[in-house]
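Hi,

Here is the structure I promised to pass on.

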Amino acid sequence: MPSTLPRLYAHPFSSYSQKVLVALYENGTAFEYRSLEEPGANEELASLWPMRRFPVLIDQGRTILEASCIVEYLDLHHPGPMRLVPADPKAAMEVRMLDRVFDNYVSTPQQKVVLDKLRPEGRQDDHGVQKARSMLETTYAWLDRRMAGREWVAGSFSLADCAAAPFLFYADWTHPIDPGFANLHAYRARLLARPSFARAVDEARPYRGYFPLGAPDRD
Ligand SMILES: N[C@@H](CCC(=O)N[C@@H](CS)C(=O)NCC(=O)O)C(=O)O
């Protein structure tokens with residue numbers, strides 16, 4: 001009998017994969033984990049999504065792309081005790097806005113710095129990397145103010161925190177968050193203590209050697 005569980009193409013060390021894994025673990029959702037470490041998985045991914053970006057979710061004959069949309073899809077089609085996009089449309093809008101902030105102004109510049117390291121010798125983009133680091137600084141300052149007096153970034157734990165967890169984790173490795181941003185550091189620590197994200201971080205430990213800038217000896 002073929003599996004009827006939703007199948008996730010993902011890699012344990014990938015931040016966008018972790019965003020979806022946190023959502024799955026929050027709700028204890030049963031799924032088939034097609035790790036891109038497994039033979040044939042990359043070829044399957046390429047046939048499902050020519051962009052070859054991951055994660056990708058397959059469910060009931062549907063192909064769901066983009067981590068945020070996968071989390072929204074799971075909330076609708078495989079709901080669990082934790083609603084990650086609030087039912088109230090006004091609260092949902094706030095969650096989506098913060099989710100966009102983490103994708104566009106934390107993950108995108110973080111990836112820019114890391115991917116520059118993988119460019120061929122002599123083809124580095126120093127100006128672009130400088131701009132990415134400056135964007136991270138601006139976002140850190142904004143988020144530090146945003147997190148004053150808050151536990152989670154947009155009300156109760158949500159899609160936006162699923163994004164924040166891996167993106168702040170790797171952003172701090174890439175461009176360390178100034179110790180003066182105490183609210184932001186405390187938020188990153190709260191995310192690391194959350195069992196869903198702690199599990200994702202543990203599953204990714206064996207792959208730390210993949211980090212192009214060299215993984216620090218800490219979480
Ligand atoms: N916009 C996509 C971004 C996904 C993404 O960049 N995933 C990375 C792994 S964290 C990836 O696919 N990297 C491989 C590549 O760029 O070829 C999403 O939200 O899911």
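To start with a term: a nonpolar core is a set of buried Ala, Val, Leu, Ile, Met, Phe, Trp, Tyr and Cys residues joined through C-beta atoms within 7 Å. A residue is buried if 20 or more other C-beta atoms lie within 10 Å of its own, exposed if 12 or fewer, and partly exposed in between, with C-beta atoms placed from the backbone. Please bear in mind that this is a predicted model: local features need pLDDT of at least 70, side-chain atom pairs count only at pLDDT 80 or more, and totals for chains, interfaces and linings use all residues. Residues are numbered from 1 along each chain as its sequence is written.

The largest nonpolar core has 54 residues, and Val 20, Val 71, Ala 160 and Ala 164 have the most contacts inside it. Helix 6 (residues 159-174) gives the largest share of this core, 11 residues; helices here are DSSP runs of H or I, at least four residues, numbered from the N terminus. Beyond its neighbours within four places in sequence, Val 20 is in contact (C-beta atoms within 7 Å) with Leu 8, Ala 10, Pro 55, Ala 67, Ile 70 and Val 71.

Then there is helix 5 (residues 126-146). Its buried residues are Ala 132, Leu 136, Thr 139, Tyr 140 and Leu 143. The face turned away carries exposed residues, Asp 126, His 127, Gln 130, Ser 134, Thr 138 and Arg 145.

Best wishes

Conventions
Helix = DSSP H or I, 4+ residues; strand = E, 2+ residues; numbered from the N terminus. Contact = placed C-beta atoms within 7 Å.
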